[in-house]
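The sequence and structure are shown first.

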Protein chains: 2
Amino acid sequence: MFSLAEENYLKAIFHLQQESKGGVSTNAIAEKMSTKPSSVTDMVQKLAEKKLLSYQKYKGTSLTSKGSKIAAGVIRKHRLWEVFLVDKLKFHWDEVHEIAEQLEHIQSDELVARLDRFLGEPDFDPHGDPIPDKNGNIKTTEKKLLSELDKKQRGVCVGVKETKSEFLQYLDKRNITIGTKIRVLGKEFFDGSMIIQVGRDQFFISKKIADNLYIQTS
Amino acid sequence: MFSLAEENYLKAIFHLQQESKGGVSTNAIAEKMSTKPSSVTDMVQKLAEKKLLSYQKYKGTSLTSKGSKIAAGVIRKHRLWEVFLVDKLKFHWDEVHEIAEQLEHIQSDELVARLDRFLGEPDFDPHGDPIPDKNGNIKTTEKKLLSELDKKQRGVCVGVKETKSEFLQYLDKRNITIGTKIRVLGKEFFDGSMIIQVGRDQFFISKKIADNLYIQTS
DNA sequence: AAATATATTTAGACTTGGCTAAAAATAGTA
DNA sequence: TACTATTTTTAGCCAAGTCTAAATATATTT
């Protein structure tokens with residue numbers, strides 16, 4: 001139905017929209033896709049003709065509901081495949097992204113439905129991100145960044161914002177994963193760094209780390 | 001490493017080589033790939049430059065060992081994914097071909113290794129075709145076409161030559177699947193049609209059917 | 001408000017993989 | 001052997017998606 005390139009653009013724009021609410025700039029898309037702004041302009045015009053997004057020269061773009069639905073479908077497949085790779089094939093959570101980037105483009109509604117059932121209709125992927133349902137609706141959970149917590153607050157790690165291997169491996173070394181309880185013992189206002197407690201261990205983390213961990217405070 | 005189009009050409013040539021031993025003609029490739037001979041010439045020249053096949057103008061082509069290995073790798077993935085779809089996702093054996101055509105191009109050696117293990121390192125796909133090992137070696141089994149059997153001979157169905165849905169559904173209606181015992185009760189020499197026994201049932205089949213069923217006579 | 005900087009678009013080119021139409025080689029037949 | 005039919009290749013064109021360089025809008029600064 002849609003080409004690989006088209007699906008990737010829709011997905012990128014969808015993610016950018018989530019992050020920053022409002023129109024998405026050409027440059028932002030180009031950066032996210034590691035491509036040139038001129039290429040983005042071409043593709044965005046093509047997608048606008050197909051009514052997948054609305055676009056005005058120099059004004060940025062935003063997905064139409066049709067475009068959002070397709071993007072959500074791709075993201076649904078991505079996250080379901082990640083669950084498969086981790087739960088069934090025993091991949092580590094830092095190894096699955098690139099493979100899922102390929103698998104997300106496999107076309108077959110029946111496959112997605114059966115995969116979903118096979119996996120037990122999961123709600124979240126291995127990084128804690130919500131899996132859109134078959135209609136493209138995403139369950140938005142109220143979650144905070146660890147960096148937003150104050151001293152003495154506590155919560156449970158429910159997701160990661162960054163999914164790069166280096167970051168996930170850093171978390172592993174410190175035994176932080178989805179479901180881990182974290183308590184803020186101290187917070188430095190100058191640089192946002194923290195001392196946190198994880199299990200019986202206490203250690204220092206930088207703001208950059210705290211900015212990429214989602215926490216649910218109960 | 002290799003493009004989708006390149007992999008598909010290598011796979012098609014590999015299959016044609018199996019069937020007819022010797023060089024493969026441009027037209028044969030074009031027919032198998034539903035494309036034009038002129039397109040085949042272009043691609044074959046490109047693949048020859050990459051040392052994946054040997055080619056002489058007007059003389060046909062045959063894969064180099066490098067080309068064979070890549071083709072076998074694609075076929076390995078195709079057949080492993082078919083096992084996954086049937087064994088794990090409970091697809092019917094006539095529904096899996098097109099999806100596997102897509103999945104066979106996913107690039108990740110680690111994925112293939114883990115999938116293989118997850119599936120129990122199967123030797124055959126759901127249609128009875130052997131799955132090449134990680135080095136590209138295919139276990140060749142001594143199997144005959146049902147049409148080659150004579151009256152009163154018997155054997156076990158070990159595979160199908162044709163994998164179109166209509167054919168597989170025809171077999172299902174008659175309760176023929178991999179492992180089914182078949183006995184030839186009668187054979188008409190004029191048109192090659194047969195009367196066969198399957199379980200307690202006896203029925204007539206045309207030569208076209210008998211030409212597409214692989215039998216192992218013990 | 002003018003000048004400069006940044007963001008975006010346009011124009012033209014390239015690559016991949018496909019096509020059509022015409023030319024050339026091989027095969028088949030009288 | 002010569003003529004015809006078939007197969008294969010060449011040449012030129014097209015669409016998708018990308019790029020560079022140049023032009024144009026918008027934003028920011030002074």
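## Polar contacts between the chains

Six residue pairs are in polar contact across the interface of chain A and chain B, counting pairs with both residues at pLDDT 80 or more. The structure is a predicted model. For salt bridges between chain A and chain B, the count is zero.

## The interface of chain A and chain B

In terms of residues, 20 of chain A are in contact with 20 of chain B. The size of an interface is often given as the accessible area lost when the parts come together. For chain A and chain B, about 1600 Å² is buried between them, and 74% of this area lies on carbon and sulfur atoms. On the side of chain A, the residues that lose the most area to chain B are Leu89(A), Gln102(A) and Arg114(A), which together account for 32% of what that side buries.

Three elements of chain A give two or more residues to the side that touches chain B: helix 4 (65-88), helix 5 (97-103) and helix 6 (109-118). Helix 6 of chain A gives the most, with five residues. Sorted by class, this side of chain A has 11 nonpolar, four polar and five charged residues.

## The domains of chain A

Chain A is divided into domain 1, residues 4-63, and domain 2, residues 144-216. The C-alpha centres of domain 1 and domain 2 of chain A lie 32 Å apart.

## The surface near DNA strand D

DNA strand D is surrounded by 21 residues, and the closest are Ser3(A), Thr35(A), Lys46(A), Tyr55(B) and Lys57(B). By class, the residues of this surface are seven nonpolar, 10 polar and four charged.

Elements that each supply at least two residues of the surface are helix 1 (4-20) and helix 3 (37-49) of chain A, together with helix 2 (26-32) and helix 3 (37-49) of chain B. Helix 3 of chain A provides the largest share, five residues.

## Contacts with the phosphates

Which parts of DNA strand D do the atoms within 4 Å of the protein belong to? Sugar or phosphate accounts for 76% of these atoms, and bases for the rest.

A polar side-chain atom of Lys57(B) is 2.6 Å from a phosphate oxygen of DNA strand D. In Gln45(B), an N or O atom of the side chain is 2.9 Å from a phosphate oxygen of DNA strand D.

Key: Residues numbered from 1 in each chain as written. Chains lettered and ligands numbered in written order. Predicted model: local features only at pLDDT ≥ 70, side-chain atom pairs only at ≥ 80, totals over all residues. Heavy atoms only, no water. Domains from an automatic or database assignment. Contact = heavy atoms within 4.5 Å. Buried area = accessible area lost by both parts, 1.4 Å probe. Salt bridge = Lys/Arg side-chain N within 4 Å of Asp/Glu carboxyl O. Polar contact = N/O pair within 3.5 Å; in protein donor to acceptor, adjacent residues only side chain to side chain. Helix = DSSP H or I, 4+ residues; strand = E, 2+ residues; numbered from the N terminus. Nonpolar A, V, L, I, M, F, W, Y, C, P; charged D, E, K, R; others polar. Near = heavy atom within 4 Å.
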